[in-house]
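Notebook open, structure on screen. Here is what I looked up, entry by entry.

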Amino acid sequence: MKFRLIRISPSILAIDYNNDQILKESLDLIEKGGANFVHLDVMDGKFVKNTTFDWNLVDKIRDMTSLLLDVHLMVENPESVIDKYAEAGADIITVHYEACKDITKTLKKIKEKNIVAGIALNPETPVLKIIDLLDSGLVDLVLVMSVKPGKSGQAFIPGMAEKVAEIRELDKKVFIEIDGGVTLKNAKLLRRLGVNIIVSGKSIFSAKNVKKTIWQLKGKGFINRILEKFE
Ligand code: DX5
Ligand code: ZN
């Protein structure tokens, strides 16, 4: 296909998600603004230093929005909690390559539940580690971490755009999600190199005009508008 539809997944890590009113207003804002997913950064204080929330918040958000739930598990041994996030209504579950004891088993468990299965790579993890996995058909999505996992508002790490290109070269079909430090400036190159889903915390939630920013991150506003009609 000549044009690739770009989906936007705003990360609530950039807002005070413990405040119900702010959470509801933010979800409404991004939904009305044309976002496709809401990105939910789960951190356990072990795989990364910070701790955020668990399946209880995911369950709560399910009833607050009709956006698809994009769950990014930055936790050790994610296999043990897949059931919880499936029950909470996750549409995508992404686990870290670095955090899994048995990555094949973990991905199979996600797919058995008819949930989109993603694998995330830390900035220092090379693509060659997942070549066999891509061939296995168990991976629906690869999430390229373009900052060190753990917090919102960090700068994009150079070289991560090339990583996107490397994955796209290897696999024309897999969904590629980019996560961390995405701005209106670097989004254009990322779209060109093969990204499908753009995660953004700071760029979206600190924007004066959220709707406009979401459309700008999508790029080619006109083409996206037309393609979305045919979805
Ligand atoms: C970092 C998280 C990201 C983060 C992105 O560990 O995975 O999703 O919230 O936030 P920004 O876009 O502000 O870098
Ligand atoms: Zn994330």
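This is a predicted model: local features need pLDDT of at least 70, side-chain atom pairs count only at pLDDT 80 or more; totals for chains, interfaces and linings use all residues.

**Zinc site.** I started with how the donor residues of the zinc ion (ligand 2) are spaced in sequence, and I got H-x1-D-x30-H-x106-D. Donors here are N, O and S atoms within 2.8 Å of the metal (3.2 Å for Na, K and Ca), and water is not among the atoms, so sites may look incomplete. H39 sits in strand β2 (residues 37-43) and D179 in strand β7 (residues 175-179), 140 residues apart, so this pair links distant parts of the chain. Helices (H or I, at least four residues) and strands (E, at least two) are DSSP runs, numbered from the N terminus.

Residues are numbered from 1 along each chain as its sequence is written, chains are lettered from A and ligands numbered from 1 in the order in which they are written, and side-chain values use heavy atoms, with hydrogens and water left out.

Back to the zinc ion (ligand 2): its protein donors are H39 (NE2), D41 (OD), H72 (ND1) and D179 (OD), at 2.1 to 2.3 Å. The site has six donor atoms with angles of 68 to 170 degrees, and it is octahedral (opposite donors over 155 degrees apart, all others between 65 and 115). Both H39 and D179 are buried (under 20% relative accessible area, 1.4 Å probe, protein chains only).

**Sheet.** Next I traced the strands. Eight of them form an open sheet, ordered β1-β8-β7-β6-β5-β4-β3-β2, with parallel pairing (two strands pair if DSSP finds at least two bridges between them). β1 (7-10) and β2 are the edge strands, each pairing on one side only. From one strand to the next, the twist averages 20 degrees. I zoomed in on β5 (residues 116-121) and β6 (residues 141-145), which run parallel and are joined by four bridges. There, A120 stands opposite L143 in β6.

**Helix on the sheet.** Helix α6 (residues 160-170) lies across β5, β6 and β7, at about 160 degrees to β6 (axes are lines fitted to C-alpha atoms, for helices over the stretch in contact, and angles run from 0 to 180 degrees between N-to-C directions).

**S200.** Buried or exposed, I wondered about S200? S200, in strand β8 (residues 197-200), is buried because its relative accessible area is 3%. S200 touches S9, P10, S11, V182 and L217, leaving out residues up to four places away in sequence (contact means heavy atoms within 4.5 Å).

Methods
Four donors count as tetrahedral if all angles lie between 85 and 135 degrees; four count as square planar and six as octahedral if opposite donors are over 155 degrees apart and all others between 65 and 115; anything else is irregular. Buried means under 20% relative accessible area, exposed over 50%, partly exposed in between (1.4 Å probe, protein chains only).
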